[in-house]
Every structure is written in C-alpha cells, then in structure tokens.
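Visitor: Could you walk me through the charged pairs of this protein, please? I would like to go one question at a time.

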Amino acid sequence: MGDRRVLCLVVLGLALLTACSTGTTGPHDDDDGLTLEETGAVATELIDGLQAQIDPTLVASVETQEDSAAAIGGSADDADGSIQEWRVLRYVNLVPDAPQLVIAESVIDAHVSDGWTVGLDRETSNAGGRWVTLTSDDGRYDGFELTVQAGDDGASPGQNYVLLGVVGPTVETDPSD
C-alpha cells in the first residue's frame with residue numbers, strides 16, 4: 001500500500017507542477033479578496049463535493065493525504081516561499097469489487113454537466129485507468145483545479161480506490177508570517 005501512495009503522490013505532484021507551470025491554477029486576483037485560508041475553505045468545499053458524489057455504501061474508508069498550504073517554490077519569482085496554494089488530496093478506498101473507474105467517471109461527468117471544463121484527460125500508467133483535471137471559470141471557483149484519478153477496474157488487485165485532489169489558486173502571502 002505504501003508504494004501506491006508514493007506513486008500517487010508523485011503523480012499528483014507532477015500534476016500540481018504542471019498546473020503551476022502552465023497557468024492552470026491562476027494567480028491570486030487582488031480584486032477577489034481571497035486569502036490563503038479562504039482558498040483552503042473553498043478547496044475543502046470542492047473536495048467534499050467530489051467525495052459526496054460517491055455512493056457512501058461503496059466507500060470502505062477515506063484517507064486525507066494533504067490538506068494544507070504549500071509554497072510553490074522552485075522559481076526565482078518565489079525565492080522567499082511567499083507564493084502559496086492550498087492543496088487537498090484524498091484517497092477514497094472502495095469496498096471490494098466496487099467499480100472504481102465507473103465511479104470516477106460519474107464524478108467527472110457530474111462536474112462537466114455542472115459547467116467544469118476537462119483539462120488534462122489521459123490514461124493512467126496501468127492502461128485503462130483515467131486521470132482527469134477539471135477547471136472552472138465561475139467566479140468562485142476560477143483558479144481552482146480538481147483532479148479525479150482511478151485505475152482500470154480489477155487491473156490492480158487490492159488497490160480499489162478513487163484519488164481526489166483540489167489545488168487552489170496561488171496567493172501572495174507575507175513571508176514574515
């Protein structure tokens with residue numbers, strides 16, 4: 001199970017890096033008035049909404065892997081770590097034989113029907129799974145990115161879960177805090 005977490009954290013890390021470098025998660029707009037903590041509240045609202053779309057009778061457990069602010073770092077523009085974004089990551093472990101790919105696709109489809117736009121949509125490394133990012137230009141959710149990932153049903157015995165993630169827009173913080 002540890003290998004699964006490491007792999008998923010690496011994959012999500014790459015997704016977050018790609019989002020930051022491609023501008024998928026947008027810069028903080030001073031006019032919107034959101035603080036880092038407020039983006040955290042919206043990110044939590046969004047991931048709770050993703051998770052709520054999964055039938056609770058199919059859920060064995062939920063593991064929160066990350067729910068905090070993080071400096072985007074690694075660039076000359078953020079030498080002091082003051083540019084941050086809120087990140088939330090949850091594994092929704094499913095009961096045996098629950099159709100993880102079908103569940104993930106229903107979560108994705110529901111958000112697309114609700115006005116979210118598919119960004120990245122690709123097969124996972126196990127072939128047959130799906131990894132999708134979603135964005136919105138709705139004022140409240142502009143700059144947030146959702147991730148839904150699942151393997152092919154039955155492709156990896158003992159690993160029956162849907163990975164959910166949310167990354168908030170970047171926010172300039174006071175480095176002295």
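**Salt bridges and their surroundings**

Guide: Let us start with Asp121: at 40% relative accessibility, Asp121 counts as partly exposed. Here buried means under 20% relative accessible area, exposed over 50%, and partly exposed in between (1.4 Å probe, protein chains only). This is a predicted model, where local features need pLDDT of at least 70 and side-chain atom pairs count only at pLDDT 80 or more, while totals for chains, interfaces and linings use all residues. Residues are numbered from 1 along each chain as its sequence is written, and side-chain values use heavy atoms, with hydrogens and water left out.

Visitor: Which residue meets Asp121 in a salt bridge?

Guide: Side chains of opposite charge can pair when their charged atoms come close. A salt bridge is a side-chain nitrogen of Lys or Arg within 4 Å of a carboxyl oxygen of Asp or Glu. For Asp121 the N to O distance is 2.8 Å, and the partner is Arg130.

Visitor: Which residues are linked with Arg130 in a network of salt bridges?

Guide: Arg130 also meets Glu105, at 3.7 Å from N to O. Arg130 lies in strand E4 (residues 130-135) and Glu105 in helix H3 (residues 100-113), so this pair ties together parts that are 25 residues apart in sequence. Helices (H or I, at least four residues) and strands (E, at least two) are DSSP runs, numbered from the N terminus. The residues linked with Arg130 in the network are Glu105 and Asp121.

Visitor: How many residues apart are Arg90 and Asp48?

Guide: The side chains of Arg90 and Asp48 meet in a salt bridge, with 2.8 Å from N to O. The pair links distant parts of the chain, with Arg90 in strand E2 (residues 83-94) and Asp48 in helix H2 (residues 36-52), and the separation is 42 residues.

Visitor: What is the relative accessible area of Arg90?

Guide: Asp48, at 37%, is partly exposed. Arg90 is buried, and its relative accessible area is 10%.

Visitor: How many salt bridges are found in the whole structure?

Guide: The protein has 3 helices and 7 strands, and buried residues make up 43% of its 177 residues. A search of the whole structure gives a salt bridge count of 5.
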